[in-house]
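I opened the model today to look at how its chains meet. My notes follow in the order in which I looked things up.

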Amino acid sequence: MLQIRPIVTALRRHKAGTVLIALQIALTLAIVCNAFSIIQQRLQHLSQPTGIDEANIIVVQNEWARSMSTQQVDAQVNTDLEALRHLAGVRNAAISNAYPLRGNGWDDRIMLEPDQLKPTTSTALFFSDERLLDTLGVHLIAGRNFQPGEIKAMDVRDKLSPPSAIVTQALARHLFPDGSALGKSIYFGDAHPVAIIGIVDTLQPHSVDRWASGFASQTTILPSRLLSEWGNYYLIRTEPGQIDAVAAKVRQTLFAQDVMRVISDKDGIQKFPDIRQAAYDRDRGMAVLMGIVCVVLLSITAAGIVGLTSFWVGQRRKQIGVRRALGATRGDILNYFLTENLLISSGGALFGIVLAVGLNLWLVTRFEMQRLSLAYVLIGVVMLLLLGQGSVLAPAMRASKVPPVEATRSV
Amino acid sequence: MFGYYVQLGVRSLGRNPWLTALMVMAIGFGVAASMITYSVFRAVSGNPIPEKSERLHVPQLDNWGPQHARSLGEPPEALTYTDSTALWKAHQARMQTIFYEVTLSVIPEHGGGSLPFNVSGYAATGDFFQMFDVPFLYGSGWSQADDEGHADVAVIGRSLNERLFQGANSVGREINMRGHSYRIVGVTDQWDPKPRYFDLFSMFTVNGMGDASEIYVPFSKAIDLKIDTGGRNSCGGASSLNAGWDGWLHGECVWISMWVQLDTPTETESYREYLRNYAAQMQQSGRFAWAPNIRLRNVTEWLDYEKVVPPESRISLIVALGFFAICLINTIGLLLAKFMRRAAEIGVRRALGASRREVYLQFLIEASTVGLAGGVLGVLLTTIGMFGVGLIFEPQIAKLAHLDASLVLLTIVVAMAATVLAAFYPTWKAAQVQPAWQLKSN
């Protein structure tokens, strides 16, 4: 291990190769650290809970084929839901304008005072009735659910004036950090107070994309059936294990109520596990891509080290022979190459840390990513040092097998 | 000599099979990664209407005020009914169109077995077709007189025409949508610019991608029939929302996109001035309690402002380029090893009278054969990778990325050029070999 000085001296004669390996290690480290960080962020994002009984939920996108008044829509919706609830295997069904991970929907600003100009925060609005909590399987942790008498039918162009609301715990905490949300009033931009009557633990908003970060986890349920003449969503919760059987009967059941409707063949009836899958396609894809990049990059770096070290070993056979003849053991030779690689790799890794942090800062400002955690840099450094040692092992073993008699040979 | 060097190059590929394979693989992986991500980037960042992108503009107007403005005091991304119709009626631009997305259910004629189905498209004013260069199979768009006369006319897309009329010329026929009958005046050919630059406001076209629009009806008629927007409706807070259809129509919700065609910088400037004056008028009349805050962006500026290129695409392109750079550094190292192994051979050649130029030529040609092999592997990997694009991007984007002749050519050219570039240093080192020293040491 005390060969560092001669190694450094020797390296000066292989400047190009040394610099190339170090540079490669540095760049690999920079990319791999950031790729790890991206993978971790994406996996964390896609494993956030929606708060609903995902395995048993079916979403029906029902569109009306003719123009109808709000009253007509309301009557038809009631008939439809009644028919759906009577299907075997259905636990409950409700109408809603939105559901978690849908992609888009109604979001609005919340104020704490009627004359407040700047909103306190934003929220996703789910318009439904007293059946929504049971249909989605959302847990009420404080206060009470809506009562049937409180539910109103609302046209999509009516003014927003609900008497009460149920909010998620995250929203309640944001609005009233002291924990007194229950019974308090909030305002949607006018003088009309909306009383918080219940708090549920988790209910993801309609979007979890970057643009929706202003209301992440902050959902409000309002006691209105939001009726629109173009259509609405029916949410169905099935008994465990019945989701496929029920999904197969939905279209027929609804068309039996009224034929002037459109339920798309493509995405008219969706099972929630598929919705979740699609909502996180990007995140999963990005994580997979970064994973592949890491593996291939590390393999290429390893191959490069093997290639260059093999070349060096070939070039120095004679010197190795001389050293062996002068009494160096096999272990000494092996050690020499391992130490040499450790020196080069450490140099590369130091430079790589700078590059990794630089690349991350740039990504943070440009793409609103999270800061790189130091743990990933450390993992990256250890990984690359081990990779270097592993790659150099085979050529170094070969070097250690060079017989002392090589010293006497020409070439 | 050239042919001989090529021959030498090919032969030397087999001399250090290990090293060669490593290099070819590094180049192949590097170039494939870059090309796959580039093909996606190319698909989403292309200029959708190159000949007009500097002339088509989006007017924007701040009707919510500084309290509600988006970040950095930007006005909303669309217009209210009040403003869009006022600007359209003023006719201050050479051509102009206002429109919003609609989803209508088509009710097939022969009631019987065929169920209603939905089609998406736009309620627009007549200049829409000419401004965006919409190609027609049959007929044409409608006139301004039709717009002003609230005519019951419609333009349908090619696939709807095939579904309803088996592809025949349907101009003059009727189509029933939501119980209302329209006379078909035109059938568009397949038209689906990507990204859908003219309708980035609508959230239903994810990142400006979505299915082709199949139906167009006059804006004025759609408003008469109270056809609600099938796209986005943004009210900047509930306080600006008034009850009922009329309340909504005349409120401060933005849901209508507007484009104007301005052919010269002078026209653009005077339109900008007009827009500013309009906002100033609104301030004087007491509707806006703030100074005019307007924007007039052309297609390129609009795509940029709306951040059409998904961050995934940029990040993966950057990562892929970094990846390629590492592969090239790897290649430099391996080429160095490969070339310097032949120091003795170079020495002999130099001693026998080969000039440095000859050595350069020989080794660069040898490197480019490595590059060619890497490029071929790259094309192969790119082809495989194309199937994987769908894993990372939404299907709408993934289906845009495809391997065409230009991409194959680019893959091979980039692979060869990069390898030759990477070979400069090793070649220079090889050419530096001193014949005398080399001969002596042997």
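I count a salt bridge where a side-chain nitrogen of Lys or Arg lies within 4 Å of a carboxyl oxygen of Asp or Glu. By that rule I get 3 salt bridges between chain A and chain B. The model is a predicted one.

Entry on one salt bridge. I looked up R42(A), which forms a salt bridge with E312(B). The closest N and O atoms of R42(A) and E312(B) are 2.8 Å apart.

Entry on polar contacts. I find 8 residue pairs in polar contact between chain A and chain B, with both residues at pLDDT 80 or more.

Entry on the chain A side. Which element of chain A gives the most to the side that touches chain B? I find that α8(A) does, with 17 residues. Elements of chain A that each supply at least two residues to this side include α2 (15–46), β1 (57–64) and α10 (330–367). By class, I note 33 nonpolar, 11 polar and 17 charged residues on the side of chain A that touches chain B.

Entry on extent. I see 61 residues of chain A in contact with 59 residues of chain B. The area buried between the two chains is about 5200 Å², and carbon and sulfur atoms give 66% of that area. R157(A), R282(A) and F311(A) supply 16% of the area that chain A buries against chain B, more than any other three residues.

Entry on chain B strands. β10(B) pairs with β1 (residues 56–61) of chain B in the antiparallel sense over 5 bridges. I also note that L296(B) in β10(B) stands opposite P59(B).

Note on methods: Residues are numbered from 1 along each chain as its sequence is written. Chains are lettered from A and ligands numbered from 1 in the order in which they are written. This is a predicted model: local features need pLDDT of at least 70, side-chain atom pairs count only at pLDDT 80 or more; totals for chains, interfaces and linings use all residues. Side-chain values use heavy atoms; hydrogens and water are left out. Contact means heavy atoms within 4.5 Å. Buried area is the accessible area (1.4 Å probe) that two parts lose on being put together, summed over both. A polar contact is a pair of N or O atoms within 3.5 Å; within protein, one must be able to donate a hydrogen and the other to accept it, and residues adjacent in sequence count only if both atoms are side-chain atoms. Helices (H or I, at least four residues) and strands (E, at least two) are DSSP runs, numbered from the N terminus. Ala, Val, Leu, Ile, Met, Phe, Trp, Tyr, Cys and Pro count as nonpolar, Asp, Glu, Lys and Arg as charged, and the others, Gly among them, as polar. Two strands pair if DSSP finds at least two bridges between them.
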